[in-house]
Amino acid sequence: MSVNEKFDEHYKQKLVRPGNGCCPGCGGPIAWRMILEGLDKNTVLYGGAPCASCNMGTIRLPQFNFHFSFVGDGASGIAAAFKIKGREDITVVSSAGDGGVGDISFGKVSACAERNDNIIQLCIDNEAYMNTGIQKSGLTPYGAWTTTTPEGKKSKKKMIPMILAQHRIPYLATLSIAYPQDLLEKVKKAKGIKGFKYLHLVMPCPTGWRSLESKTVEIARIAVQTGIWPLYEIENGVLKLTMKPKQRPVEDYLQLQGRFRGLSKEDVSEIQSFVDEERDRLLERDGKNIWL
Amino acid sequence: MSLLRSFKPVIVQDNCKRCGVCATYCPEGVIVKIGDDYQIDYRYCKGCGICANECPHKTISMVREKAEG
Amino acid sequence: MPVKKIMEGNEAAAYGAKLSRVEVVAAYPITPQTELISVIASMIANGEMKAEYIKVEGEHTALAATVAASAAGARAFTASAAQGIVFMEEVIWMPPGMRLPVVMCIVNRAIAPLGGLRPDHNDSLLQRDTGWIQVYCENGQEVLDTIIQAYRIGEDRRVYLPVAPCYEGYFVSATAMPVEIPDQEDVDKFLPPYKHELYSLYPENPRRVRTFGVSLAQSRYEICQAMERAKSVIEEVDKEYGRKFGRYYDGMVEQYKCEDAEAVMVTMGSMTGTARDVVDELRDEGKKIGLVKLRVFRPFPTEETQEIGKNVKAIGFVDKNTTYGAAAGSGIGCIEMARALYSLQERPLLLNYFVGLGGSDVTMPQLRYIAKKVLKAAETGKAEKEVEWVELEKLEE
C-alpha cells in the first residue's frame, strides 16, 4: 500500500476527513475533530456553525440544516420525530456559532433549554460574525476590534453558559481545543445524559482575531490559563471547575492578537481586574449548587 | 494543496519522540502514525504551522515551499 | 360507522390531523387558530392521538421544527395565521425548496396594521410565490377532509410539496356546524403511513435530496413541474375521497349553476356559501348567473378558468385581499385570472370587486350588488367600472 493509501485507510476510521474550506489555522476543524472523537456513528447533526461550517461537508454523519437563524429548533423537531419512531438511541447534536446561539437565535436556544429537549447544543464560538467578514456579536469580548467596532467593543461578552445554567438544564460545560482530554470527557458525559445539554467552546479565529495561524492552540491554552475562558461543568446545578491553572496575566493573551492592539494600559488593567473578579467568584462557588 | 501553502511542516524523524501532540492538534487531521513514524499528508496540509508551534521537542520545521516553474 | 358531531372549524381541523395520524405537531398559539392547537394538545394528553407536541416559543420555531421532523421521517403538522405567518416567512420558503410535504393550516386573518383578528386572504396569498400548494376551505367539514387529502397530495412522489389548507378565522374556525368524522380504519386505507423516498436521517442509511450541484434554475423548474403534476393528483385524490367518504369537492374548481351562465362570480373561502344563495335568488328571477369557487389557488387552475372564460361574457372576481400599487389597481386573484384568460382568442370582460377587507363581513347585499354588475356587463358588453371597492359604496339592502 502506498503512503497515500494508508492515509486514506486511516481517514475511513474517522467521522471527519480532511479537505475542508476553512482558513489555515482555523480552530473549527480542530474542535470538530475532537468533538467527533466523543460521539459515534449513531448521531445526527443539525445546523452548522457558519464559519466552521466550511468543514461540515467533510463530516461523515447525516446532517440537516436551514440557516443560522434556526438554532436548535430543527434539532427539537428531529428529536421529537425520533422519539415517536422509537429511535431515542440516536444522539441529536445541534451546532451553531456565537452569532446563532448568542444573538439571532438566542430565544430559540433558551426555549430548547426550557423544554429540556433531548439534544446536545454546541456553541462553536469564535467571538464575532466571522463568516460575513468579522462583525461584532454579543459574544465579542470587551475591547476587541471588529469591522463594526473599529474603536474596540464597548460592551462585555454575553455569558451564555451561566444564563443557560439558570434554565435548570441537566448539564453544561465549557470546552477548549487546548485541553483535548477535558473536552473528550465532557462530550462523552453529555452524550450519556437525557435532556438538554449545552457545550460551549471558544476558539481562536486567526483571520478575525488577527493572530498567527500557528498560534491558534497556544492562544486557546493561554485563554484558559489567564482565566479569560474558564473550564468548568455544571451538572444538575453543581459547578465544578475542571481546570484550575496558575493565574497568568491577561496581557500574555491580549498581546498575541491584533484585535486588541487598540487597548490602552488602563483598558488592560480594567480587563485584568474584571477577569480576577470573575475567577474569584467561580472559585468561591466551586463545588456548590449555583442555581439561584 | 502545495499551491496554497507558503510553508510546509517537516518532521525531523531522528528527533521525534512520537508523543503524538502534533497529530492531536492538526486542524485537518493529516498527521498520522504510519508504522513507527508520524507522517504528514501533504495532499491536504494547509501549512498553518500549529504542529510546529505545539511540538514540545521542537522537532518540526516550517520549510518554505518552492515555487513550481 | 362515521359519527356526526357539532363542532367549530378549528376542532374539525384537529380531527383532520388526528385522523391523518400526524406524528409531530409544533405549533404556537395565535388567534384565530388557538382552539385548533389546544384540542390537539388535549387529544394527545388523553391518549386519543399518538404524537409528540413541541410547545414552541414562536412561529418561526413552529414551522422549523415541523419541517425538520418531516425530514427525520415523521408526518408533521402545524398551523398559524397573519402575524404568525409573516413571522415565519423565512421558514415558509424551506419545505418547498427541500421537497418536504408538511401540512400547515393557515387560519386566515388580516395582517396588521390594517387588520385585526378577523379574516382576509392576504396572509395565505402572500405565500403564492413560495411553492406551497394552497386549498381554500369553505367550512369545517371541508377543512377536516382537506387535511387528510393534503397529506395524500403532498406525500405523493409526483408532488413532494407542502400543502396549506386555508380557512377563515371566525367565519370557519369558530363557526359550529355538524361535521362527519370518518372512521380511522377507512382513513388508514385512504392514507398510508408517511415514507419519503428521498430523505432519511437514520445513521444506518442516510439519504438527502441534493438541491445544489444541479443548477438553481433546474431545481426551481422541477418544483414548477411538481406543481403542474399536482393538478391531476389533486383531482385524483379528491375523486377517490368522494368515492370512499361521500364528499367530493370538485377538485381544483367548483362550478355552481354555470352551465348556461352568461356571467359568473368567482369567490374563495367561506363567502362562497353566501354567494351560492345570491346565485339561487337571481336564478329564480331567471338571470343567467353562475358561481365559480376557486378551491385551489396554487397551483392556479389555468385550464379550468380558461374553459370557463370561453363560455361566459363576463367574470367578476371577488378579491378578499389587497395588493397595493398592483397593475390596474386589481386584487391578487383577479391578476392571476387575467393572465390565465389572456391566452384566449376571445376574452370575456373581467371585473374586480374588493370585499371583506381587513376581516369585515361579506354580505348578501354586497354579493347581490356584484352579481348584478357582472350581469349588466355581460348584457351590455361593457364594464362600467373595472375595479370596485364594494365596502365603500352605499348599497340598497
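**Close-up views of a predicted three-chain model**

**View 1. Strand β4 of chain A and its neighbours.** Strand β3 (residues 91–97) of chain A runs parallel to β4(A), and five bridges join the two; strands are DSSP runs of E with at least two residues, helices are runs of H or I with at least four residues, and both are numbered from the N terminus. Two strands are said to pair if DSSP finds at least two bridges between them. The model is predicted, so local features need pLDDT of at least 70 and side-chain atom pairs count only at pLDDT 80 or more, while totals for chains, interfaces and linings use all residues. Residues are numbered from 1 along each chain as its sequence is written, and chains are lettered from A and ligands numbered from 1 in the order in which they are written. A:V93 has A:I120 as its bridge partner in β4(A). Strand β6 (residues 197–202) of chain A is also parallel to β4(A), through six bridges, and there A:L201 stands opposite A:I124. In general, strands of a sheet pair through backbone hydrogen bonds, either parallel or antiparallel.

**View 2. The two faces of β4(A).** Strand β4 (residues 120–125) of chain A is mostly covered, with six of its six residues buried; a residue is buried if 20 or more other C-beta atoms lie within 10 Å of its own, exposed if 12 or fewer, and partly exposed in between, with C-beta atoms placed from the backbone. A:I120, A:L122 and A:I124 point one way from the strand, whereas A:Q121, A:C123 and A:D125 point the other way.

**View 3. The largest nonpolar core.** This core has 223 residues, and A:I78 and C:V264 have the most contacts inside it. A nonpolar core is a set of buried Ala, Val, Leu, Ile, Met, Phe, Trp, Tyr and Cys residues joined through C-beta atoms within 7 Å. Helix α3 (residues 59–71) of chain C gives the most to this core, namely eight residues. Another core, of 10 residues, lies apart from it and includes A:C22, A:A128, A:M130 and A:W209. Leaving aside residues up to four places away in sequence, A:I78 touches residues of chain A, among them A:V44, A:Y46, A:F64 and A:V92, and residues of chain C, among them C:A68, C:A69, C:A72 and C:L201; two residues are in contact if their C-beta atoms, placed from the backbone, lie within 7 Å.

**View 4. Helix α3 of chain C.** Of the 13 residues of α3(C), 13 are buried. At 1.5 Å a residue the helix should span 18 Å, and its end C-alpha atoms are 19 Å apart, which agrees; the expected span is 1.5 Å times one less than the number of residues. Just after α3(C), C:G73 takes a positive phi of about 105 degrees.

**View 5. The contact between chains A and C.** Of the two pairs of chains in contact, chains A and C share the most contacts. Their contact takes 27 residues from chain A and 26 residues from chain C. On the side of chain A, the elements that give two or more residues are β1 (43–46), α3 (73–84) and α5 (106–115), and α3(A) gives the most, with 10 residues. The residues on this side divide into 14 nonpolar, seven polar and six charged. Here Ala, Val, Leu, Ile, Met, Phe, Trp, Tyr, Cys and Pro count as nonpolar, Asp, Glu, Lys and Arg as charged, and the others, Gly among them, as polar.

**View 6. The six-stranded sheet of chain C.** Six strands form an open sheet of mixed pairing in the order β9-β11-β10-β13-β14-β15. Its edge strands, β9 (253–256) and β15 (387–389), each pair on one side only. The twist averages 20 degrees from one strand to the next; axes are lines fitted to C-alpha atoms, for helices over the stretch in contact, and angles run from 0 to 180 degrees between N-to-C directions. Within the sheet, six bridges join strand β13 (residues 314–319) to strand β14 (residues 349–354) in the parallel sense, and C:V318 stands opposite C:Y353 in β14(C). Helix α13 (residues 332–342) of chain C lies across β10 (263–267), β11 (289–294), β13 and β14, running at about 150 degrees to β13(C).
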